Amino acid sequence: MAVSDAITLILGGARSGKSRYAESLVAGFPRPWLYVATAEPLDDEMAARIAAHRARRGAGWQAVEAPRDLAGVLAEAPPVGAVLIDCLTLWLSNLMLADADADVEAEIMRLDGVLARAAAPVVLVSNEVGLGIVPDNVLARRFRDAQGRLNQYIAARADRVVLMVAGLPMVVK
């Protein structure tokens with residue numbers, strides 16, 4: 001990643017290779033590497049996924065959990081190394097499930113403002129959820145629409161956007 005690629009957004013579907021690719025980009029920077037995790041181990045399957053991610057990263061990574069206050073954690077990130085946020089989709093889901101009346105747009109704007117001032121390179125992972133059928137319930141449609149807006153805001157802010165397809169990175173921006 002070049003210096004001009006201070007913010008990189010990695011998009012893709014489930015199991016498209018987003019996280020692995022994002023980790024490889026961050027590993028190209030000097031340490032320390034900060035991994036900002038948004039997943040919460042609410043069941044055994046998610047706990048196993050989190051454990052697999054930790055094991056794959058290995059040494060050299062500092063981890064911080066940010067299931068909801070992503071902007072706050074990013075604002076406090078050290079100005080050296082690089083930051084990986086994995087993933088925006090779980091963060092948005094956490095916000096919406098924790099508070100049905102959450103001001104999602106305000107949180108997106110807060111994150112966007114922090115990204116505009118980021119001192120270290122930031123790589124963000126997010127799912128592209130709008131390629132399927134229209135969901136059959138209000139919450140799912142609200143989530144899909146909010147995720148689409150979130151991805152658009154971050155893509156506009158990003159210096160580089162990569163779409164992962166079957167493990168292959170396709171540079172979009």
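User: What should I know before I start?

Analyst: Residues are numbered from 1 along each chain as its sequence is written, and side-chain values use heavy atoms, leaving out hydrogens and water. As the model is predicted, local features need pLDDT of at least 70 and side-chain atom pairs count only at pLDDT 80 or more, while totals for chains, interfaces and linings use all residues.

User: In what order do the strands form the sheet?

Analyst: Helices (H or I, at least four residues) and strands (E, at least two) are DSSP runs, numbered from the N terminus. Two strands pair if DSSP finds at least two bridges between them. Here, 7 strands make an open, mixed sheet ordered S3-S2-S4-S5-S1-S6-S7. Strands S3 (61–65) and S7 (168–171) are at the edges with a single partner strand each, so one side of each lacks a neighbour in the sheet.

User: In which sense do S4 and S5 pair?

Analyst: Strand S4 (residues 82–86) pairs with strand S5 (residues 122–127) in the parallel sense, over 4 bridges. Val83 stands opposite Val122 in S5.

User: Which strands does helix H4 touch?

Analyst: Contact means heavy atoms within 4.5 Å. Angles run from 0 to 180 degrees between N-to-C directions, with axes fitted to C-alpha atoms, for helices over the stretch in contact. Helix H4 (residues 88–98) packs on the sheet and touches S1, S4 and S5, at about 65° to S5.

User: Is Ile50 buried or exposed?

Analyst: Buried means under 20% relative accessible area, exposed over 50%, and partly exposed in between (1.4 Å probe, protein chains only). Ile50, in helix H2 (residues 44–57), is buried because its relative accessible area is 16%. Leaving aside residues up to four places away in sequence, Ile50 touches Ala39, Glu40 and Pro41.
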